[in-house]
Amino acid sequence: QVQLVESGGGLVQAGGALRLSCAASGSYRSINTMGWYRQTPGKQRELVAVITSGGSTTAADSVKGRFTISRDNAKNTVYLQMNSLKPEDTAVYYCNVEYTTPLRTRNSWGQGTQVTVSS
């Protein structure tokens with residue numbers, strides 16, 4: 001099982017920047033895709049950005065050009081650099097990791113970190 005510890009959320013003014021981190025630990029054979037999702041009250045959780053083990057990335061149109069996802073495989077950590085933040089980016093951000101064990105492929109979610117962007 002993989003445990004995820006997120007950090008880096010907080011309150012920032014519009015136009016500002018934040019960097020989220022998510023470190024994975026536990027028992028697994030390999031970590032595959034790592035990503036960030038976000039959710040606001042009353043809405044479904046939505047994809048922000050994901051990155052494969054090979055470094056390929058996918059991002060939501062709403063964050064392209066402003067957010068950058070990266071990972072450090074040696075540290076089993078995924079980052080989300082968020083620049084030019086907008087009030088509509090306000091949400092709880094969740095880290096997600098797909099990993100393999102000897103028996104199966106599984107997913108793990110972080111506890112979530114609040115990002116609030118004031119106008």
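Reader: How many salt bridges does a search of the whole structure find?
Author: Four. Keep in mind that this is a predicted model.

Reader: Which residues are linked in a network of salt bridges?
Author: Arg-38, Glu-46, Arg-66 and Asp-89.

Reader: OK, start with Glu-46 and Arg-38. What is the N to O distance there?
Author: Their side chains meet at 2.7 Å, N to O.

Reader: Is Arg-38 buried or exposed?
Author: Arg-38 has a relative accessible area of 7%. Buried means under 20%, so Arg-38 is buried. Glu-46 is partly exposed, at 37%.

Reader: What about Asp-89 and Arg-38?
Author: Their side chains form a salt bridge too, at 3.0 Å, N to O. This pair links distant parts of the chain. Asp-89 is in the loop between β8 and β9 (91–100), Arg-38 is in strand β4, and they are 51 residues apart. Both Asp-89 and Arg-38 are buried.

Reader: And where does Arg-66 come in?
Author: Arg-66 meets Asp-89 in a salt bridge, 2.7 Å from N to O. Arg-66 sits in the loop between β6 (57–59) and β7, 23 residues from Asp-89. Arg-66 and Asp-89 are both buried.

Reader: New topic: rings. How many aromatic pairs does a search of the whole structure find?
Author: One. The partners are Tyr-37 and Trp-109, with ring centres 5.1 Å apart. Their planes stand at 65 degrees, so the pair is edge-to-face.

Reader: Which parts does that pair tie together?
Author: Tyr-37 lies in strand β4 (residues 30–39) and Trp-109 in strand β10 (residues 105–109), so parts 72 residues apart in sequence are tied together. Trp-109 is partly exposed, with a relative accessible area of 39%.

Reader: Which Arg lies over the face of Tyr-94?
Author: Arg-45, at 3.7 Å from the ring centre. Arg-19 lies over the face of Tyr-79, at 4.1 Å from the ring centre.

Reader: Last topic, the open sheet of four strands. What order does it have?
Author: The order is β1-β3-β8-β7, with antiparallel pairing.

Reader: Why is one side of β1 and of β7 left without a neighbour in the sheet?
Author: β1 (2–7) and β7 (67–72) stand at the edges, so each has a single partner strand. From one strand to the next, the twist averages 15 degrees.

Reader: How many bridges pair β7 and β8?
Author: Six, in the antiparallel sense. As one example, Ile-69 has Leu-80 in β8 as its bridge partner.

How values were computed:
Residues are numbered from 1 along each chain as its sequence is written. This is a predicted model: local features need pLDDT of at least 70, side-chain atom pairs count only at pLDDT 80 or more; totals for chains, interfaces and linings use all residues. Side-chain values use heavy atoms; hydrogens and water are left out. Two strands pair if DSSP finds at least two bridges between them. Helices (H or I, at least four residues) and strands (E, at least two) are DSSP runs, numbered from the N terminus. Axes are lines fitted to C-alpha atoms, for helices over the stretch in contact, and angles run from 0 to 180 degrees between N-to-C directions. Rings of Phe, Tyr and Trp (its six-membered ring) pair if their centres lie within 6.5 Å; planes under 30 degrees apart count as stacked, over 60 as edge-to-face and the rest as tilted. Buried means under 20% relative accessible area, exposed over 50%, partly exposed in between (1.4 Å probe, protein chains only). A charge sits over a ring if NZ of Lys or CZ of Arg is within 6 Å of the ring centre and within 35 degrees of the ring normal.
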